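Dear colleague,

I am handing over the structure we spoke about, and below it you will find what came out of going through it. Please keep it open beside this message as you read.

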Amino acid sequence: MKAIQITKPFEIGIIDKEIPTPKEGEALLRVLYCGICGADVASYTGNQPFTTYPRIPGHEFSAQIVEVPENDKGFKKGDIITCNPYFNCGECYACKRGIVNACYDNQTMGVQRDGSFQEYITMPLERLIDGKGLSAKELALIEPFSISAHALSRAEVKEGDNLLIMGAGPIGLFALIKAKAMGARVAIADLMECRLELAEKFGADCIINNKVDDFKEKCNEFTSGNGFDICVEACGAPVTFLSCIEEASHGANIILIGNGKKETTFLHSIILKKELNIFGSRNAFTKDFEELIELVSTKDTDILSMISGVYDVENAKDAFDSLANNDGSLAKLLIKFSDGE
């Protein structure tokens, strides 16, 4: 079978390897579509500290069951599914408390272990997630969607809450979709007009172009000067985190999704003054995947608009190069391995 492998930074190619044999309690899956995550791009560019080489990337995917043992979950050959790609040890303090998404020895597919960018993979039965009739392309988007949904679950989002999202990349846009489904009034800020147009399509109540708009004025107008009940940082940049602190109301919740690479300096007394709650967020739970599949299948939620392009396996390097040099106009790119039977 074919697999896409990063041998070292900026070197990626197609290799041949044996189709894996499932162990007891595992299913054999034919991979259909894979999304390229920011972590995959970081592995490609050499900016992912947890990646060792050579590495097969990928953890956003849909697949078709080829072989599956008898099970009480109803999975059968031919089913179109997705999977939870975060492997946890089950023994650390976090796992024992049920915080398996933040396992001390977390191994995410495509980062700490080989991932889904190959024609066939095996997965433990407990990691299979019923696709509920969603298309293979939609299911390949559920994992990044789950990152945003899990983040919003860290704080209580209530109907009518004023919620600010800093960053309208894929994770920020998925947070927007979920927040709207939870009944929040959402303002979203970014520097790219094309991203904000997509945000408007996904139901944003207020879009703020930080290149041309007066950010503070628009925030004050949206919240009647009261500040936001919830602020979501989806960029990982110091300035956007500081904007969240500044625009948060007293007693507000701030949720950090963006994976920052620079230190942020600020006077922490403002956190005390406003009595802010600041939440980190990592990975997601299987229940997050399941809830989103239900949301997409029952609501008129066109998450396929998030896809900027689909590449064949042979053109994977072009896809990675496009994202490595992304000017912000690209959202999700998918690699097509198969359409299934």
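Two strands are said to pair here if DSSP finds at least two bridges between them. Please bear in mind throughout that this is a predicted model.

By that rule, strand E1 (residues 2–8) pairs with strand E2 (residues 11–16) in the antiparallel sense, and six bridges join them. Within this pair Gln5 of the chain stands opposite Gly13 in E2. The two strands E1 and E2 form a hairpin with two residues between them, and in that turn Phe10 has a positive phi of about 70°.

The other local feature concerns two helices, H1 (residues 38–45) and H11 (residues 316–324), which pack with their axes 10 Å apart and at an angle of about 95°. Angles of 65 to 115 degrees count as roughly perpendicular, and H1 and H11 are therefore roughly perpendicular to each other. On the H1 side the contact is made by Asp40, Val41, Tyr44 and Thr45, which meet Lys317, Phe320, Asp321, Leu323 and Ala324 in H11. Sorted by class, this contact of H1 with H11 has five nonpolar, three charged and one polar residue.

As for the whole chain, there are 11 helices and 17 strands, and the C-alpha trace spans about 60 × 40 × 40 Å along its principal axes. Because a compact globule with 341 residues would have a radius of gyration near 20 Å, the 20 Å of this chain agrees with that expectation. Of the 341 residues, 52% count as buried. Among contacts with a separation of 6 or more, 69% are accounted for by residues 24 or more positions apart.

Terms used. Residues are numbered from 1 along each chain as its sequence is written. This is a predicted model: local features need pLDDT of at least 70, side-chain atom pairs count only at pLDDT 80 or more; totals for chains, interfaces and linings use all residues. Side-chain values use heavy atoms; hydrogens and water are left out. Helices (H or I, at least four residues) and strands (E, at least two) are DSSP runs, numbered from the N terminus. Axes are lines fitted to C-alpha atoms, for helices over the stretch in contact, and angles run from 0 to 180 degrees between N-to-C directions. Angles under 35 degrees count as roughly parallel, over 145 as roughly antiparallel, 65 to 115 as roughly perpendicular and the rest as oblique. Contact means heavy atoms within 4.5 Å. Ala, Val, Leu, Ile, Met, Phe, Trp, Tyr, Cys and Pro count as nonpolar, Asp, Glu, Lys and Arg as charged, and the others, Gly among them, as polar. The radius of gyration is taken over C-alpha atoms; the globule rule is 2.2 Å times the number of residues to the power 0.38. Buried means under 20% relative accessible area, exposed over 50%, partly exposed in between (1.4 Å probe, protein chains only).
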